[in-house]
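Here is a short briefing on the core and the pockets of this structure. Have the viewer open as you read along.

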Amino acid sequence: MSFLERITAERREDALRRRAEGALEEAKAAAEAAPPVRDFEAALRVPGLSLIAEIKRASPSKGVIAAGADEVAIARAYEDGGAAAVSVLTEPNHFRGTLEDLRSVRSAVEVPVLRKDFVCDELHVYEARAAGADAVLLIVAALTQSELVALIDAAAVCGMAADVEVHDPDEVGRAVDAGARIVAINARNLATLDVDLATVEKVRPLIPGGVLAVAESGIETVADVRRMRDAGVDAVHIGETLMRAPDPAAAIRDLLE
């Protein structure tokens, strides 16, 4: 079983258990009472290359990155540096994130906030909105086509954007067929965890006009950002490099120079 299969199975099992306890009904009620949605898609459609800055405490490939980081201080630094949106990893077992991290970040910044997790159940979507998320990440490789369509629709019902992650041409086709308006090309192969920015360059031409293209993973330097800009993406999604930076705001300004 690959890492993606294993972690998605864990998230499915957790969602089923909590659904049985009434969590979906509670999440739907809380989502209705959440603050108004900020327009994630519009934030990425501004002229020039946009940057989604991620709060990530740990990862399976790199281990602990910043376990005790102050998510509010980091998110504010990201916003000050010019990030178009903030991504918050909320998976607890492998990335040490929580929905409380997302809730705190959403209250601290004015830019849109993305829930990045292994979303595979309607419960995850409503919980994201209840915590203040303006968008959710959906990983094509982790979902059946009917699940992908249903989760994009659930996000839309909540007023949120769906950032639909792909890795190869077949997944681009599935994302577009499901109605994705934002397609994130992950340079990391979630089966092997290997990273290759050439993946973005190969896949980007397959994304139709009008659909936003985002590059994820392995983007660490100004040269990497320029390479992704030259590949034609609308935004880059950067986490570890910014989490390790002594001055995240300055790091963002440097990357977008």
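**Pockets and core at a glance**

The lining of the largest pocket is made up of 12 nonpolar, 8 polar and 10 charged residues. Please keep in mind that this is a predicted model.

**Largest pocket**

- The volume of the largest pocket comes to about 470 Å³.
- Its lining counts 30 residues, of which E54, K56, K116, R188 and S217 are the closest to the pocket centre.
- Two or more lining residues come from each of β6 (135-139), β10 (235-238) and α12 (240-244).

**Second largest pocket**

- For the second largest pocket, the volume is about 220 Å³.
- There are 17 residues in its lining, and L4, A141, E171, L190 and A191 are the closest to its centre.
- At least two lining residues each are supplied by α1 (3-20) and β7 (161-166), and α1 gives the largest share, with 3 residues.
- Sorted by class, this lining holds 7 nonpolar, 5 polar and 5 charged residues.

**Nonpolar core**

- In soluble globular proteins, nonpolar side chains tend to be buried together.
- The largest nonpolar core here has 96 residues, and the members that touch the most others are F40, L44, Y78, L138, V236 and L242.
- Which residues does F40 touch, leaving aside those up to four places away in sequence? They are I52, A85, P112, L114, D134, A135, A161, D163 and I182.

Technical notes: Residues are numbered from 1 along each chain as its sequence is written. This is a predicted model: local features need pLDDT of at least 70, side-chain atom pairs count only at pLDDT 80 or more; totals for chains, interfaces and linings use all residues. Side-chain values use heavy atoms; hydrogens and water are left out. A nonpolar core is a set of buried Ala, Val, Leu, Ile, Met, Phe, Trp, Tyr and Cys residues joined through side-chain atoms within 4.5 Å. Buried means under 20% relative accessible area, exposed over 50%, partly exposed in between (1.4 Å probe, protein chains only). Contact means heavy atoms within 4.5 Å. On a 1 Å grid over the protein atoms alone, a cavity is a set of points where a 1.4 Å probe fits but cannot get out, and a pocket is an open set with protein on both sides within 12 Å along at least five of seven lines; lining residues have an atom within 4 Å of a point. Grid points are joined across faces, edges and corners, and a volume is the space filled by probe spheres set on the points. Helices (H or I, at least four residues) and strands (E, at least two) are DSSP runs, numbered from the N terminus. Ala, Val, Leu, Ile, Met, Phe, Trp, Tyr, Cys and Pro count as nonpolar, Asp, Glu, Lys and Arg as charged, and the others, Gly among them, as polar.
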